[in-house]
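Subject: Structure handover

Hello,

Here is the structure I promised to pass on. Please open it first, then read the notes below.

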Amino acid sequence: MSENTNSPDWLDSTREEIVVSARDYEHVLSGLMMPEEYFLPGAKIVSVGEGLSSFISELNQKFDVEGIAFDPMYQHGPKKEIQKQLTEGQMVYAHLREDKETDSEKGPAENEMVAGSVYDFPFKDRSLDLVIASYIAEHINLKRALPEMVRALKVGGEIRFSAAHFDIDPNEKIFLPFKTEYDGYEGTTFPSQTKDASEAIKWALKQQGLSLYVVTNGYNHRSEVRSEGLINSGLFIVRKDSKAPVVTTDINPDFGRIFKITSKPKLKEYIGQGFEVTELVPAKA
Ligand SMILES: C[S@@+](CC[C@H](N)C(=O)[O-])C[C@H]1O[C@@H](n2cnc3c(N)ncnc32)[C@H](O)[C@@H]1O
């Protein structure tokens, strides 16, 4: 993949239309597989790469939490000003999203927006209860981002990356955090995949008090990869303690299987080096 030399430092993605997606509350929540019981009164919650999504605004209306929308895009000002900065292609994409998935009146309000990059996270050490990253794992360099997010997380807090399209082989108990051949968008190969994920995982496994989990979302890869037994992990969770995360699941038996990543490297023939995992929730019949 060639680098976009015009991109500012914070932008690792070269897929411009992805930069402006605007998912609604339900869509973000289902990707995070998160029970609403996690939104405890007084909780400080940051959505990294919130973009034009309406998740935080609705979260703040529904719960007694301090929800913060965080995105480099907010340097342009409120939503209207951001929209002025978008290219034609980005506008089309943002509007498509709005028509289909969001109410255009929603999106982050000015007092909910903090501009910045996750690489230089402007939150104090151990100040956040929950950090969520909906559809941004594939746009960032995880090795740069994860230490910053972990630093700002309270003990007992959690980071959830939805759409972390990593591979997992539930039968051989291997997690492969580099995505083999995922067809992200209707048959096209996703050009901006999560960067340095293996390095980030290795770093995280060495940190005291961190526990790492991956959750299957039941979407298999291309048929030939499926025959290798790989399932899309879909959700990646980092906890600052050893308590297992709670996930809400669907009826699909491959959906919502939680695996804890152990520090043991493990090799999968033809595919490469991954990490051993232990399943926490047995597969449904
Ligand atoms: C696909 S959009 C996801 C928007 C929203 N979270 C959702 O689910 O609809 C990716 C977002 O990541 C943001 N982003 C890109 N690089 C970033 C960085 N270094 N730090 C924080 N956010 C970043 C982009 O500005 C964009 O809003």
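A definition to start: two strands pair if DSSP finds at least two bridges between them. Strands (E, at least two residues) and helices (H or I, at least four residues) are DSSP runs, numbered from the N terminus.

Two points on the source. This is a predicted model: local features need pLDDT of at least 70, side-chain atom pairs count only at pLDDT 80 or more, and totals for chains, interfaces and linings use all residues. Residues are numbered from 1 along each chain as its sequence is written.

**Overall**

The chain has 7 helices and 12 strands. Of its 285 residues, 41% count as buried. Buried means 20 or more other C-beta atoms within 10 Å of the residue's own; exposed means 12 or fewer, and partly exposed is in between, with C-beta atoms placed from the backbone.

An open sheet of 12 strands runs in the order 3-2-1-4-5-10-8-11-12-7-6-9, with mixed pairing. Strand 3 (113-115) and strand 9 are the edges; each has a single partner strand, so one side of each lacks a neighbour in the sheet. Strand 1 (residues 44-48) pairs with strand 4 (residues 128-133) in the parallel sense, over 3 bridges. Ser47 stands opposite Ile132 in strand 4.

Asn232 counts as buried because it has 23 C-beta neighbours inside 10 Å. Its C-alpha atom is 9.7 Å from that of Val214, 18 residues away along the chain.

Which residues of helix 6 (residues 197-206) are buried? They are Ala197, Ser198, Ala200, Ile201 and Ala204. Seen down the helix axis, they fall within an arc of 160 degrees, so they line one face of helix 6. That arc is taken over the directions from the axis to the C-beta atoms. The cover over these residues includes helix 5 (142-152) and strand 8 (211-217).

The axes of helix 5 and helix 6 come within 8 Å and cross at roughly 30 degrees. Axes are lines fitted to C-alpha atoms, for helices over the stretch in contact, and angles run from 0 to 180 degrees between N-to-C directions. Contact means C-beta atoms, placed from the backbone, within 7 Å. Leu142, Lys143, Leu146 and Pro147 in helix 5 meet Ala197, Glu199, Ala200, Trp203 and Ala204 in helix 6.

Helix 5 also lies across strand 4, strand 5 (153-162) and strand 10, at about 140 degrees to strand 5.

Best wishes

Key:
Two residues are in contact if their C-beta atoms, placed from the backbone, lie within 7 Å.
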